Amino acid sequence: MNADADTDADTSAGTDAGTDAGADADTETRAGTDSGADTAPGATAAAAATAPAGTPPDAAPWRRLHPLSLLVTAQLLAGAAFGAGVPVGAGLAAHIPFRAAVAWVLAGSALLLAGGLAVDVLRLRHTRYRVGAERVELRTGVLFTTRRSLPRDRIRSVDLTAHPLLRLLGLVKVRIGTGDQTAGGESPLQLSPVRRAEGESLRRALLRRAGPAAGGSTEGRLAALVPRWIRYAPLSFLTPLLAMTGWGAVMQVSQWFGAEETVVDLVRDTFSPLPAGWTVLALTLLFLSAGVVGSFGTWAEMWWNYRLEREPDGTLRVRRGLLTTRSISLEEARLRGVDVVEPLGVRLSGAARVDAVATGLSRRDSEENDLSTLLPAAPRAVADEVAARVLRAPVALTRPELAPHPRAALARRLRWSLGAALVPVAVLLLLAAALSVRGLAYAGAATAAVLLPAAALLARDAYRSLGHGLAGPYLVVRSGTLRRSTVALRRDGVVGWTVRQSLFQRRAGLVTLRATTAAGAQAYAAYDVGEAQGLRFAEEAVPELLAPFLVPDDGAVERPVERTCPDRWSPVRT
């Protein structure tokens, strides 16, 4: 069985998400007999999907899901029955004879399996879909038939996923969506399961566009996995969370079998000969080691076999995954820029990751499934090079010489950081005075000695991370310390500016500029820039967009002249 990672799961981003509302047309009717001819599940969808424009929608045949879904359901239910039956059986065995407990567990498992298979049989018998020249339709329901119709020109993504059981049978789950970024957006159409070849045919047909993207024919591989990049995996804030999850799983399983006290006694007996300080250190190292192992496993599952390619039809394609593979396709026409992200631990090791700033990807999908990530954490030079290749830029746009922000921005960050660090110190000192406990006063002094220098360093780092500038057709903004972000955003993708000035910013002569766009996070900010500096930057980045709202001192809006190089995009300080 071919378990090629290239075809197990695919996601594509299509046209702008700003017009997604109302893309789906849903109707609900009472169940009746199926109209139209049914097509065998193994038949290819390419013929129906590429029908001539004048073909009536009803001419496309209704199609069934693949019947091997029953086998997948049986395997999943058997696993669920085993996972739930073991702790339930162990609990019953403490109160009734062992054979009676096993009998009850087997009877419950058989009932679960039979009920689940019956439900899946009904689902398969009453689910049909068809792909016409203009619409994709899905009909489901037993007592009531729900019929959903999705216009093909509204389709933004076709996501094919396959967990190990589906891969073993050569099946995939197809998820067809509009990339709606609104909170009340319609749910995607889901076809689960179909043959892998049929899913691939659907993906290619539904995402086919008029022709290759403009801007050159630089197809081919843009980046590929380097195994030593795994060393950046433990430098994430996820590492301690994985350690806590692992410890919680151990305690939960031990509780199922009544061995919770045994586990606690084992840990206590192991470390009791050590002094208290060494015990804390040993437990901390053990805790972090578990998190490191978990982060290695998570990274391998997500990024093994990674490669980033540009296809001839103007599509960026990311392929990755170990057990559940995924291939994410993103049209270059929907790309508005890139975001080079540097979490603190990754940045201290000289690395960064690259995310796409694109329209047509729902924010929930990007956050939950990492659909916008083009490059995992890699050396910063590699990240800048990949970002430039993605944007077809002759220079690294995400590392230009950016304009610094006024010193008043540093003062604001020092006040925030030192004020936050003084809160626990003040609490400890107040408790020491109220309770007359000298140890609390010593703890407050030690806390101040640790937190205040760290707060000052973080504030200075946050200030040094601020910057903005222009580079050819892109504007670049940078900010953040725990998570530093450098965004290169197309200037023609900016649809508006938001100028914000608080009372304290007004006293310091600062403003915060937000470039509004239909892509990515919807807005990208240049924090705490000087008033004149920020307005001049906004006017130069997108001429005439902010000018009608400005009142220059000399009665005319001064138009800065952008300096460019004919053969090379030159970053400009503003």
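This is a short walk through one predicted protein model, from the whole chain down to a few residues.

I'll start with the chain as a whole. There are 574 residues in the protein chain, and 43% of them count as buried. The secondary structure comes to 15 helices and 24 strands. If we take contacts between residues at least 6 apart in sequence, 64% of them join residues at least 24 apart.

Next, confidence. The average pLDDT of the protein chain is 80, and 80% of the residues score at least 70. Residues 40-44 have a pLDDT below 50, and this stretch has 11 contacts in the model beyond near neighbours in sequence. Residues 555-574 also stay under 50 in pLDDT. For that stretch the model has 47 contacts beyond four places in sequence. Where pLDDT is low, the predicted coordinates should not be read in detail.

Now the record. In an unreviewed entry, UniProt lists residues 70-96, 102-122, 237-258, 278-300, 416-435 and 441-459 under "transmembrane region". What does the model show for two of these spans? Residues 102-122 are 100% helix and 0% strand, with 30 Å between the end C-alpha atoms. Residues 441-459 are likewise 100% helix and 0% strand, and here the end C-alpha atoms lie 26 Å apart.

On to the cores. The largest nonpolar core has 42 residues. Which of them touch the most other members? They are Y306, L308, L375 and V390. Another core, of 24 residues, lies apart from the largest one; L138, L166, L171 and V172 are among its members.

V390 is worth a look in the viewer. Leaving out residues up to four places away in sequence, V390 touches L222, L308, R310, L316, E332, L335, V338 and L374.

Strand β11 covers residues 220-224 and includes G220. Which residues does G220 touch, beyond those up to four places away in sequence? The list is L308, E309 and R310. G220 and L308 are 88 residues apart in sequence, yet their C-alpha atoms are 8.6 Å apart in space. Is G220 buried or exposed, or in between? Its relative accessible area is 27%, so G220 counts as partly exposed.

Strand β12 spans residues 307-311, and R307 is in it. R307 has a relative accessible area of 16%; buried means under 20%, so R307 counts as buried. The side chain of R307 reaches the backbone oxygen of N305, at 3.2 Å.

The last stop is T486, in strand β20, which runs over residues 483-490. Why does T486 count as buried? Because its relative accessibility is 1%, and the cut-off for buried is under 20%. What surrounds T486? Not counting residues up to four places away in sequence, T486 touches V338, D339, V340, E342, R380, T398, V476, V477 and R478. For one of these, V476, the separation from T486 is 10 residues in sequence and 6.9 Å in space, C-alpha to C-alpha.

To close, two points to keep in mind when you open the model. The largest nonpolar core includes Y306, L308, L375 and V390. Residues 40-44 have a pLDDT below 50, and residues 555-574 stay under 50.

Key: Residues numbered from 1 in each chain as written. Heavy atoms only, no water. Helix = DSSP H or I, 4+ residues; strand = E, 2+ residues; numbered from the N terminus. Buried < 20%, exposed > 50% of the residue type's maximum accessible area, 1.4 Å probe, protein only. Contact = heavy atoms within 4.5 Å. pLDDT = per-residue confidence, 0-100. Polar contact = N/O pair within 3.5 Å; in protein donor to acceptor, adjacent residues only side chain to side chain. UniProt positions renumbered as here; feature names shortened; annotations may be inferred. Core = buried A, V, L, I, M, F, W, Y, C linked by side-chain atoms within 4.5 Å.
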